[in-house]
Amino acid sequence: MDIKLKKYSHSITTKIIVFMIMITCFTGVIKAFVDVEEVNDGDLGIVFEENYFLSQAYVRETESIVSNLTRLLGEYKSEEHILKGGSITEEELRAEVDPLFFDFLSQSKSYNPNASEAENYEKFKTEYADKIAQARDRLIKNDLREYHLLVQSLEEVEAPMYYASDGVNEYTNTSTERERFKTYPSYMMFEEYKRDIYPKEITENERFNWITDRIDELNSESDVVSIAFTKKFLDEKIEEWKENKVIIKVIFYRLLAFLAGFILSFVYLLLVIGRKSYKDEELRMHAVDKLYVDLNILLGMGIVFSWVAVLEDVSSPNIDILVIPITIPVSAAVFMLILSLVKHLKNKTFFKHTLIYRIFYRLFQFVKNVYDSGSVGVKTVLIVIGYPILVAATFFIFPITLGLAAWVAFRRVKSFQAIKEGVERIKNGDIHHTIDVGGKGEFARLASNINSITDGLNKAVDSELKSERLKTELITNVSHDIRTPLTSIITYVDLLKKEKLPLKAEEYIEVLDQKSKRLKILTDDLFEAAKASSGSIPVQLERIDIVSLITQGLGEVSDKIEDYDLAFKFNYPKEKVYVAADGKLLWRSIENVLSNIFKYALKGSRVYIDVEDLGSEVLLTFKNISAYELNISADELMERFKRGDESRTSQGSGLGLSIAESLIDIQKGKFTIQVDGDLFKSMITLPKY
């Protein structure tokens, strides 16, 4: 059974039968809508209406009369009012006068360009008085004609009964007093802000606002509108509504049946079209599928528009007869085109099978082949000559041509920008960055060459880093190995100093003591410098009040400041300044700078410490006058084992500034020095917290 079902589910016979069912159901749906339009003005909602007072028919019957009455009371009032120009609004008159004023500005000799617009407008009203009067008379005639048409339309209404008045003008089709309107089975009375409606369920009608919106346009203080349905008229309308409801209900059920059949058959065809089985991956194309997708869509739209136009031109009595013979062939043709589009969607050729795509693809391939095979000069000439020709040849789709050119240019600019940004990043130190522009051509080859240079640079840098790491490890290990025997030497020198020795021996021991302690300082500094430069010191960034840190630190070294007779001048912002740094490492860096100042600053001179808020960063500057001639550059001073005075060997390891630089660097800051004559400046830049 399953095998037979699979066999027939995708057979051409089954597809044809289902296609015919779909066309039949679709035609039935269209016929149902036409019948609803003919019977009840296209209103299917009557099926769900509970009674006449809640129906659209009741509101339509009333709203047309209310609309005419409100226009008479609110806009036209009376013939005398219209003849006086009372019905003409400023906007209407302005629309007639403005073209005359523009004519005055462009043609009249009375126009003075140096005068104000108001002055020119006064001249215009005088010179064009007759034409303005004619325009006003024309508006009055139009309103008068519309007024008489409305009055005539209302005079032809026998039922329902109506009464409308603004206190001066009255419009009615009955001699019955207005108060007697309440004796009728259905009425509406609007006076001042009151609404007297019967039966009350009328107010529950979802379209009741069609009436009240019209009433709200009137003057509630003076205008009165009343409408009443006589029993005979109301009974006729209720009977007509019931008959229409029965007819529309039958049409509605027929519509649902046809709609369900159409949806099921259409979905089935969508699933099986183009394949011989559910597992079939290959799509079968036929003659109609060779039509380009864009031409297919245009042809389908043309057929639909022609079909709608024909149905609109057919008169009411004939449309019932013609709708089926016209709709069947049209719907068959349109759905064949739609199913062809579905095939291309399934085959993923919806865009590739368009005429526009084919034209541009072949043109693009031709230009690309020439472009890829030529030099930069050939490509430039091709673009300069070819693009105007392309624009001239495709002027009817100029926006598409322009968009294509913009897309190609954007890709080239994007490739150039990627190379530019990549080179900038590599220049700034990101030597591991790879430039990827994709595709082929000069930019791709240039990016590849730059990447090759970067690869070589990476190897050189890795080799240099490895060498530097080995040197740092060697220094660290040697420093560590020296510490143990050095500690023993210092200990034994201290023991010898306590023994009673000849005077000459004491002198030798004193020299040994000085040299061993100096060697210990040098070893400790060397060990610390190796650790700092290797980045192995743990860093804990936190919020640091830089002013408080320096103030506290200066207090701790106040004895040294007095010993060296230095005057410290500390300048800082009034507001608190916080930096993101490691407190211990930051103070160690500042301590090294202060130590350098104590060793080399001129006694009795001033030392300046400045804190500056640079927005996202904080700059800390130390300035002092050197006691010795600075016969060395700032770059050399930052090197290890360098000092300002090359001849001095009595103190310092020459590592203090190098250690400070390494410690600041691992805190994501920057340490620099400047030398200007005998003025020495140390600058620490840290990120602001």
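**Exercise 1. How many aromatic pairs does the structure hold?**

Solution. The model is predicted: local features need pLDDT of at least 70 and side-chain atom pairs count only at pLDDT 80 or more, whereas totals for chains, interfaces and linings use all residues. Residues are numbered from 1 along each chain as its sequence is written, and side-chain values use heavy atoms, with hydrogens and water left out.

Step 1. Rings of Phe, Tyr and Trp (its six-membered ring) pair if their centres lie within 6.5 Å; planes under 30 degrees apart count as stacked, over 60 as edge-to-face and the rest as tilted. The structure holds 26 such aromatic pairs.

Step 2. One of them joins tyrosine 58 and phenylalanine 229, whose ring centres are 5.0 Å apart with planes at 25°, so this pair is stacked. The pair links distant parts of the chain, since tyrosine 58 belongs to helix H3 and phenylalanine 229 to strand S5, 171 residues apart. Helices (H or I, at least four residues) and strands (E, at least two) are DSSP runs, numbered from the N terminus.

Step 3. Buried means under 20% relative accessible area, exposed over 50%, and partly exposed in between (1.4 Å probe, protein chains only). Tyrosine 58 has a relative accessible area of 0% and is therefore buried; phenylalanine 229, at 1%, is buried as well.

**Exercise 2. Describe the pair formed by phenylalanine 101 and phenylalanine 104.**

Solution. Step 1. The two rings are stacked, 6.2 Å centre to centre, with 15° between the planes.

Step 2. Both residues lie in helix H5 (residues 90-107), 3 residues apart, about one turn of the helix, and both are buried.

Step 3. Ring pairs connect Phe101 and Phe104 with Tyr111, Tyr121, Phe124 and Tyr128 in a cluster.

**Exercise 3. Which residues have the most contacts inside the largest nonpolar core?**

Solution. Step 1. A nonpolar core is a set of buried Ala, Val, Leu, Ile, Met, Phe, Trp, Tyr and Cys residues joined through side-chain atoms within 4.5 Å. The largest has 47 residues, and Leu69, Met188 and Ile211 have the most contacts inside it.

Step 2. Elements that each supply at least two residues include helix H2 (12-40), helix H7 (129-155) and strand S3 (186-191). The most comes from H3, with 8 residues.

Step 3. Contact means heavy atoms within 4.5 Å. Leaving out residues up to four places away in sequence, isoleucine 211 touches Val59, Thr62, Glu63, Val66, Met188 and Phe190.

**Exercise 4. Is asparagine 205 buried or exposed?**

Solution. Step 1. Asparagine 205 is found in the loop between strand S4 (194-198) and H8. Its relative accessible area is 4%, so asparagine 205 is buried.

Step 2. Beyond its neighbours within four places in sequence, asparagine 205 is in contact with Phe53, Leu54, Ser55 and Val59. Its side chain reaches the backbone oxygen of leucine 54 at 3.3 Å.

**Exercise 5. Which residues of helix H17 are buried?**

Solution. Step 1. In H17 (residues 546-556), the buried residues are Ile546, Val547, Leu549, Ile550, Gly553 and Leu554. They cover an arc of only 160° around the axis and therefore lie on the same side of H17; the arc is that of the directions from the helix axis to the C-beta atoms.

Step 2. Gln552 and Glu556 are exposed on the other side of H17.

Step 3. The cover over the buried residues of H17 includes strand S6 (542-545), helix H19 (583-600) and strand S9 (606-613).

Technical notes. A polar contact is a pair of N or O atoms within 3.5 Å; within protein, one must be able to donate a hydrogen and the other to accept it, and residues adjacent in sequence count only if both atoms are side-chain atoms.
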